[in-house]
Amino acid sequence: MRLNGRAVAHNSVCTDCHGTHNISKAIETKSGDQQQAEWTSAFNGSDLTGWKTSDSANWKVQSGQIVGTAGANDNGSTLWTEEIYEDFLLAITFRATWPVHAGIWLRGAESKNGPRIEIFDSGPAFTGSILIPGKGLVLSNIREDLVDRESWNTISVRVKGDKVQVWLNGE
């Protein structure tokens with residue numbers, strides 16, 4: 001169930017990107033009213049209230065989407081929530097200008113010491129791989145064909161305790 005109370009199925013068309021996403025089966029779902037009461041929206045759709053960033057890149061909200069562009073000398077930055085989350089389900093839909101090296105920090109974003117889902121093209125590992133700082137890639141996606149370089153992609157993550165599950169475009 002979405003926050004607006006509408007049911008989502010594996011073949012539902014996204015009203016944001018007009019594609020389909022990686023919903024293949026229900027994950028511990030509850031009735032619409034129960035689930036809606038438990039959802040916490042990290043992004044309000046209009047501004048970056050509730051978010052922090054380093055100052056080397058440009059972050060803005062445009063047409064209800066968070067848009068990040070590199071700063072001077074192509075320097076990137078980190079955008080993270082001010083709120084701390086424990087166990088969570090997260091879905092990020094993104095489109096990138098390739099080549100890109102970005103990622104989604106799952107824990108400890110300010111200190112950058114938690115796991116990170118990579119968005120990159122550096123073979124032999126590809127987008128959806130999990131990096132642990134100081135240890136390197138602990139899970140490598142070896143399927144380059146899972147990313148659509150011309151359109152939108154969805155990374156979904158389930159974090160429960162120290163366990164992480166990742167789906168890239170439904171795989």
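Q: Contact means heavy atoms within 4.5 Å; among contacts between residues at least 6 apart in sequence, what share joins residues at least 24 apart?
A: In the chain, 38% of such contacts join residues at least 24 apart. The model is predicted, with local features needing pLDDT of at least 70, side-chain atom pairs pLDDT 80 or more, and totals for chains, interfaces and linings using all residues. Residues are numbered from 1 along each chain as written, and side-chain values use heavy atoms, without hydrogens and water.

Q: Which elements make up the chain?
A: The chain holds one helix and eleven strands (DSSP runs of H or I, at least four residues, and of E, at least two, numbered from the N terminus). Read from the N terminus, their order is α-β-β-β-β-β-β-β-β-β-β-β.

Q: How much of the chain is buried?
A: Of its 171 residues, 26% are buried (under 20% relative accessible area, 1.4 Å probe, protein chains only).

Q: What about the accessible surface?
A: The accessible surface of the chain is about 11,100 Å² (Shrake-Rupley method, 1.4 Å probe). Carbon and sulfur atoms account for 49% of that surface.

Q: Turning to Thr127, where is this residue found?
A: Thr127 belongs to strand β8, which spans residues 126–132.

Q: Is Thr127 buried or exposed?
A: Thr127 is buried, its relative accessible area being 1%.

Q: Which residues is Thr127 in contact with, leaving aside neighbours within four places in sequence?
A: Thr127 is in contact with Phe94, Trp98, Glu118, Ile119, Phe120, Asn141, Val147, Ile155 and Leu168.

Q: What lies 2.9 Å from a polar atom of the Thr127 side chain?
A: The backbone oxygen of Phe120 lies at that distance. Phe120 is also one of the contact residues of Thr127 listed above.

How values were computed. Buried means under 20% relative accessible area, exposed over 50%, partly exposed in between (1.4 Å probe, protein chains only). Contact means heavy atoms within 4.5 Å. A polar contact is a pair of N or O atoms within 3.5 Å; within protein, one must be able to donate a hydrogen and the other to accept it, and residues adjacent in sequence count only if both atoms are side-chain atoms.
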